[in-house]
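Please read through the following structure one part at a time.

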Amino acid sequence: MAILLSSSASIFTSSPSQSLKPLNPSLPFLISTANPHRKISGRSKSLSALRVATQPQTTDPDRPTKTEQDGESYNLGDEVEDEGSATKFNWRDHWYPVSLIEDLDPKLPTPFQLLGRDIVLWFDRNKQEWVALDDKCPHRLAPLSEGRIDEGGNLQCSYHGWSFDGCGSCVKIPQASPQGPEARAIRSPRACATRFPTQVSQGLLFVWPDENGWERANASKPPMLPDEFGKPEFSTVTIQRDLFYGYDTLMENVSDPSHIDFAHHKVTGRRDRAKPLPFKLEASGPWGFSGANEGNPRITAEFIAPCYYLNKIEIDTKLPLVGDQKWVIWICSFNVPMAPGKTRSIVCSARNFFQFSMPGSAWWQVIPRWHEHWTSNKVYDGDMIVLQGQEKVFLSKSKEEFGDVNKQYTTITFTPTQADRFVLAFRNWLRRHGNSQPEWFGTSDQQPLPSTILSKRQMLDRFEQHTLKCSSCKGAYTAFQTWKKLLIGAAVVFASTAGIPSDLQLRIILAGFALVSAGLAYALHELEKNFVFVDYVHADIE
């Protein structure tokens, strides 16, 4: 999915010689330029060359030779990597953002999956902090996410009423006798729920997935958004959506700006503006990689393992009256591995132009956040079925003769241009350091991947994937439904009373009100679809 959720995404393919037209201002952006945690000691070791796919042998003199088929072979042999490149990445020793704080309801427990492990997020009002517990009651293993916040501010299991405080300690067992061994059961370590380290940073809730990693978690900080997110000249917007394809599929997609003009034609790009994107990889290692292109616009990209991808887009332009301008867009995406074949995309974006067209607190920023999400979800939808098909093919290849897709990636695919440089860099990182997949809790291959069994309608289901998990869209959807019911009721009342008055003029007015009410109700019904499901057919977009 094109995580470059920028209405300015068309700048990726605009020719520097062309005048920049005003951008469609309704999509999210984000980025960060430096990883505060990585230490780059040296970059003398280079990556092993990644070659393009080998074509079948032929003796037909009219067919092109292998060299002609491949074109000028592009490889990553000249790309640098930190010393100690053989270091393996520990997936469980990192902070993962699990949700935007503004989209969490402090009055309700919220279920989430992280690396295949079920957890429950809830707000401890006694300590005024967000808590993450293992989503199972130690009593009979019922999901705590189906419980409630009780009168004492504790998390209560809905099965037998056991309650737990913010430390995971059991504070109430209703069935226990007040005396004897049963009274002491509440103090048993076996009565406690497993708690994970949590931290709130820049509007995001982060969870450390190892319950035994408190010391390491306290010694490290979550990845940060750039300083521009706090500057008044930048406007920001955020969105999150759960996607039914794998972490590697999404990460490959966000590493690829070149797809935007085609997958998101007339949403964030245009087919006729596609052009070469000569990216250069500048550094890589167990921590991730970084690189950039030259020219206008200049795109700087950085991947900070395990799931943080940042883009900074700088555009030099000239406008009437104001003259030369430096437009800056930050696009920061967190691509959180929930379970095999399921990933949460959290995108935060900022820009220093066209602020009036973005949600914000200023009186002149009238665009609501939920309206911005309509366009953002178009971007997700534009990738959805394409990536579903791609993931199916990769899965079948991995089960046939190819095995690990990351090791055979340039045999399975044909990637002769530098536009795919960051895609290959990610696949190379995943192969060399990430053990080719996240370190899942439990068995990861028992269930089929969602992309192999879900229909197109299910893959594009905005309601389950986004609306129910977004405070802005959920509230707007409820308001739309309420207004629609009121308008339908008004239409019925006006229509039923239109024939009562003897005055013809009054009857016409009542009939007119009935038609207007019915028309507005129908309009709301059509607009509601933006919260639920909108079919996406690329061929229908001219």
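**A walk through the model**

Strand 4 and strand 5 run antiparallel and are joined by 5 bridges. Two strands count as paired if DSSP finds at least two bridges between them. Strands (E, at least two residues) and helices (H or I, at least four) are DSSP runs, numbered from the N terminus. This is a predicted model, in which local features need pLDDT of at least 70 and side-chain atom pairs count only at pLDDT 80 or more, while totals for chains, interfaces and linings use all residues. Residues are numbered from 1 along each chain as its sequence is written, and side-chain values use heavy atoms, with hydrogens and water left out.

Within the pairing of these strands, T110 has L121 of strand 5 as its bridge partner. The two strands form a hairpin with 2 residues between them, and L115 in the turn has a positive phi of about 55 degrees.

Strand 5 (residues 117-124) is also joined to strand 6 (residues 129-134), by 6 bridges, and this pair runs antiparallel.

Strand 5 is mostly covered, with 7 of its 8 residues buried. Buried means under 20% relative accessible area, exposed means over 50%, and partly exposed lies in between (1.4 Å probe, protein chains only).

With a relative accessible area of 1%, P222 is buried. P222 and S201 are 21 residues apart in sequence, and their C-alpha atoms are 7.3 Å apart in space.

Helix 4 (residues 247-254) is largely enclosed by the rest of the structure, because 7 of its 8 residues are buried. The buried residues are Y247, T249, L250, M251, E252, N253 and V254.

Helix 12 (residues 471-497) packs against helix 13 (residues 504-532) at an angle of about 155 degrees, with the axes 8 Å apart. Axes are lines fitted to C-alpha atoms, for helices over the stretch in contact, and angles run from 0 to 180 degrees between N-to-C directions. Helix 12 is therefore roughly antiparallel to helix 13; angles over 145 degrees count as roughly antiparallel, under 35 as roughly parallel, 65 to 115 as roughly perpendicular and the rest as oblique. The residues of the contact divide into 21 nonpolar, 4 polar and 2 charged. Here Ala, Val, Leu, Ile, Met, Phe, Trp, Tyr, Cys and Pro count as nonpolar, Asp, Glu, Lys and Arg as charged, and the others, Gly among them, as polar.

How many disulfides does the structure hold? There are 0 disulfides, a disulfide being a pair of cysteine sulfur atoms within 2.5 Å. For C348, the nearest cysteine sulfur is that of C332, 6.7 Å away. C348 counts as buried at 2% relative accessibility. For C473, the nearest cysteine sulfur is that of C470, 3.8 Å away. C473 is buried too, with a relative accessible area of 1%.
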